[in-house]
Amino acid sequence: MVICPDHQAIARAVAEEIVDYIQGQKEKGERAVLGLATGSTPIGVYGELIAQHKMGISFSHVVTFNLDEYFPMSPQSRQSYHRYMEEHLFDHLDIPKEQIFIPRGDIAPEDVGEHCRWYEDQIKKAGGIGIQILGIGRTGHIGFNEPGSLPDTRTRSIRLDEMTRKDAGADFFGEENVPLEAVTMGVGTILGARRIILIATGEHKAHIIRRSVEGDIKPQVVASYLQQHSNAVIYVDPSASGELLSAICNHF
Ligand code: F6R
């Protein structure tokens with residue numbers, strides 16, 4: 001757990017780690033594989049990566065896998081995670097399109113299972129995820145793995161929790177317009193990443209951060225599974241760390 005003074009300080013530290021990884025892979029002549037999140041949490045990190053690219057860092061050997069997409073959802077829709085990623089990151093970097101993977105929300109329900117197996121295969125073929133970026137929902141979800149998700153789950157469709165739909169309501173002009181389902185990488189898929197970086201900022205995340213970090217490891221709090229990962233770090237600002245009881249933190 002690392003406490004940074006604010007969102008921007010977290011963004012700089014995380015982007016620096018990502019750039020070091022990307023540069024290291026380049027020197028080895030290997031691809032860098034990133035697992036990416038959407039939502040408000042990673043926007044600062046993406047801004048920093050874009051700034052690094054403008055200063056000359058190439059992302060042409062980077063392969064990306066996004067965590068999730070609403071279902072059903074057209075990629076052109078303003079609420080789609082496809083569109084979010086273009087606007088906040090991909091339109092500003094030099095990652096070839098064929099190296100970008102995002103779960104699809106625009107396929108027939110009967111094809112979702114096959115698509116999910118294909119997605120898992122692509123992650124395997126890329127050599128697994130090197131760094132996975134995560135936000136956390138107030139339900140404790142990582143990706144859209146809502147309470148009850150087991151640690152061995154793979155990419156699949158999932159029913160969104162009521163609290164998640166409520167939190168997304170503003171983006172959809174009303175909770176009733178938020179899709180009922182999503183396609184998400186599984187908990188097992190996420191835990192397979194060699195490095196995991198979870199970011200949480202703001203007071204509204206303080207309660208779930210405490211339950212995830214100091215509570216029992218259980219499917220009701222999916223982020224608690226990260227306690228079992230040997231190379232996971234959580235970056236928080238002072239507000240999100242506000243309910244922690246223990247002093248297990250490094251101040252940045
Ligand atoms: C997004 C995702 C979600 C979000 C989480 C936090 O791709 O997988 O788990 O990271 O819901 O959302 P924000 O950052 O908007 O608070």
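Predicted model: local features only at pLDDT ≥ 70, side-chain atom pairs only at ≥ 80, totals over all residues.

Colleague: Back up to α4 then. How many residues does α4 have, and how far does it reach?
Modeller: Helix α4 runs over residues 112–125, so to speak, with 14 residues. From first C-alpha to last it reaches 20 Å, close to the 20 Å expected at 1.5 Å a residue.

Colleague: Which residues of α4 are buried?
Modeller: Val112, His115, Cys116, Tyr119, Glu120, Gln122 and Ile123. They sit on the same side of α4, because they cover an arc of only 155 degrees around the axis.

Colleague: Why do residues three or four places apart point the same way?
Modeller: An α-helix has 3.6 residues a turn, so residues at that spacing point the same way.

Colleague: And which exposed residues are on the face turned away?
Modeller: Glu114, Arg117, Lys124 and Lys125.

Colleague: What covers the buried residues of α4?
Modeller: Several elements, including the strands β3 (62–66) and β4 (68–71), plus α6 (187–191).

Colleague: Cys116 again: buried or exposed?
Modeller: Cys116 counts as buried, because its relative accessibility is 5%, under the 20% cut-off. Cys4 is buried too, at 1%.

Colleague: How many disulfides are there?
Modeller: Zero, in a search of the whole structure.

Colleague: How far is the side chain of Thr41 from a ligand oxygen atom?
Modeller: An N or O atom of that Thr41 side chain is 2.4 Å from the oxygen. For His141, a polar side-chain atom lies 2.7 Å from a ligand oxygen atom.

Key
Residues numbered from 1 in each chain as written. Heavy atoms only, no water. Disulfide = S-S within 2.5 Å. Buried < 20%, exposed > 50% of the residue type's maximum accessible area, 1.4 Å probe, protein only. Helix = DSSP H or I, 4+ residues; strand = E, 2+ residues; numbered from the N terminus. Expected span 1.5 Å × (residues − 1). Arc of directions from axis to C-beta. Contact = heavy atoms within 4.5 Å. Polar contact = N/O pair within 3.5 Å; in protein donor to acceptor, adjacent residues only side chain to side chain.
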